[in-house]
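The following explanation leads the reader through a protein structure, moving from the meeting of its chains to individual residues. Please keep the structure in view while reading.

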Amino acid sequence: MNLSWMAWTWPTAGFFIFIALALITMTVWGIKAPQAPRVGILRIETTPGDRLFISLLGSAFICLAWLGMFGSPVYGALIVCCIYALGVFRWV
Amino acid sequence: MKTLNHKHGWAMVIPATIILSIVGVLPLLTVINYSFFDIFILDKRFWIGLEWYQELMQSPRFWASLGRSLLFSTLILTIQLPLGILIALAIPKRGIWVAICLMTMSVPLLIPWNVIPIIWLNYLRIDTGFLGQFFDFIGVDFDWKFNPIHTWLALILMDVWHWTSLVILLAYSSLSTIPTAYYQAAAIDRASRWQIFRYIELPKMSGILLMAILLRFMDSLMIYTEAFGINSGGPQNATLFLGIDLGEQIKAFDYGPSAARSVIYFIIILFIVWAFKTALDRQKSGGLK
């Protein structure tokens, strides 16, 4: 199968593999140790899957904001994203 | 009806999942891939990393378009939602007029989008159109071509005409599910018309109204065909919305930046949909009280 029209590169492939792995890990984790939804500081009910979604979507906005304010590279933004994601999983 | 609760029921959704991933996920992945390239034709593409995103985030034009699109969506929602509810309340509950009203209301929804700006530009002509003649009669020099406020007015009028019906149909459908016993109880309690609306009709409609807001918000935020048909984003970019910027870039074969734009629009829409879904869930569980 010729996939050259999709313009794959290692950085983008790595990005999607990371998201796929995160989804698979969360699914396995959810099966091994089911967690009840809880209400955090956003006062909304979240499951671990919801928290992953909030982390990823928020990270996208953090990276865009970083690009807008400081430009590339976005290594700094990635550190902020990790802190943000940890915060989401801990308190949201 | 017998409900199937089989252990391997999930296997039945595999074909749908495969088709969805081909028509939905693959194009999305491709667009994200393209957004990191400078592409004119696929064979000649250059990896440039996050440059398009940086350019967009730092371009005043992008933020201005985003602001205009948000303003447009807010304006048409503040008009269409109350207007739609009011008209839905005025439609009779039974009898021959129900069908006539609903049929008439649906007509604007059935007209192809690219025809609508042409219809409205004809309405606004000063020599033949009824709106143009009306503005001439009341002494307003209505200049949709060069006066930004008038272009906005024309766009809002057009969108209200085109899409209020959607709100009406949704609101009416949920109004018609309210049992008459509720109204009888309200009449016994001598509830005023406002109280009936506030405590019976509005709570019953709220779920569907949130859907209506979501649909209208997403559609109007990405408005392209109608706005382009009226004034191509003019005068002097006063009606340059997100959709028009994107459309122009695609027409110019600027696939890299338009892909980056699409990804940014996608995550904005994703956030809005998530916010609405969360609000809807909270409301269902009674969290908003």
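The model is a predicted one. Ser232(B) is placed in the loop that runs between helix H10 (225–231) and helix H11 (242–251) of chain B. Its phi angle is near 50°, which is a positive value in a residue other than glycine. Is Ser232(B) buried, partly exposed or exposed? With a relative accessibility of 44%, Ser232(B) counts as partly exposed, because that class covers the values between 20% and 50%.

Asn237(B) is also found in the loop between H10 and H11 of chain B. Although Asn237(B) is not a glycine, its phi is positive, at about 65°. The relative accessibility of Asn237(B) is 34%, so this residue counts as partly exposed.

Attention may now turn to a residue within a helix. Phe276(B) lies in helix H12 of chain B, which comprises residues 255–284. The relative accessibility of Phe276(B) is 19%, and therefore the residue counts as buried; the limit for this class is under 20%. Which residues does Phe276(B) contact, once its neighbours within four places in sequence are left aside? They are Leu210(B), Ile213(B) and Leu214(B). In the case of Ile213(B), 63 residues separate it from Phe276(B) in sequence, while the distance in space is 9.0 Å from C-alpha to C-alpha.

Helix H12 of chain B also takes part in the meeting of the two chains, which is the next subject. At this interface, 24 residues of chain B are in contact with 23 residues of chain A. Together, chain B and chain A bury about 2,200 Å² between them, and 77% of this area is on carbon and sulfur atoms. Three residues, Asn33(B), Ile267(B) and Trp274(B), supply 24% of the area that chain B buries against chain A, more than any other three residues.

Which elements of chain B give two or more residues to the side that touches chain A? These elements are helix H1 (14–34), strand E2 (44–47), helix H2 (51–57) and H12 of chain B. The largest share, eight residues, comes from H12(B). Sorted by class, the side of chain B that touches chain A has 17 nonpolar, five polar and two charged residues. Between chain B and chain A, the count of salt bridges is zero. The count of residue pairs in polar contact, with both residues at pLDDT 80 or more, is seven.

A further interface is found inside chain A. The domain assignment divides chain A into domain 1 (1–34) and domain 2 (36–92). The C-alpha centres of these two domains of chain A lie 18 Å apart. Seven residues of domain 1 of chain A are in contact with six residues of domain 2 of chain A.

How much area do domain 1 and domain 2 of chain A bury between them? The value is about 390 Å², of which 93% is on carbon and sulfur atoms. On the side of domain 1 of chain A that touches domain 2 of chain A, there are seven nonpolar residues, no polar residues and no charged residues. Across this interface of the two domains of chain A, the rule finds zero salt bridges.

Conventions:
Residues numbered from 1 in each chain as written. Chains lettered and ligands numbered in written order. Predicted model: local features only at pLDDT ≥ 70, side-chain atom pairs only at ≥ 80, totals over all residues. Heavy atoms only, no water. Domains from an automatic or database assignment. Contact = heavy atoms within 4.5 Å. Buried area = accessible area lost by both parts, 1.4 Å probe. Salt bridge = Lys/Arg side-chain N within 4 Å of Asp/Glu carboxyl O. Nonpolar A, V, L, I, M, F, W, Y, C, P; charged D, E, K, R; others polar. Helix = DSSP H or I, 4+ residues; strand = E, 2+ residues; numbered from the N terminus. Buried < 20%, exposed > 50% of the residue type's maximum accessible area, 1.4 Å probe, protein only. Polar contact = N/O pair within 3.5 Å; in protein donor to acceptor, adjacent residues only side chain to side chain.
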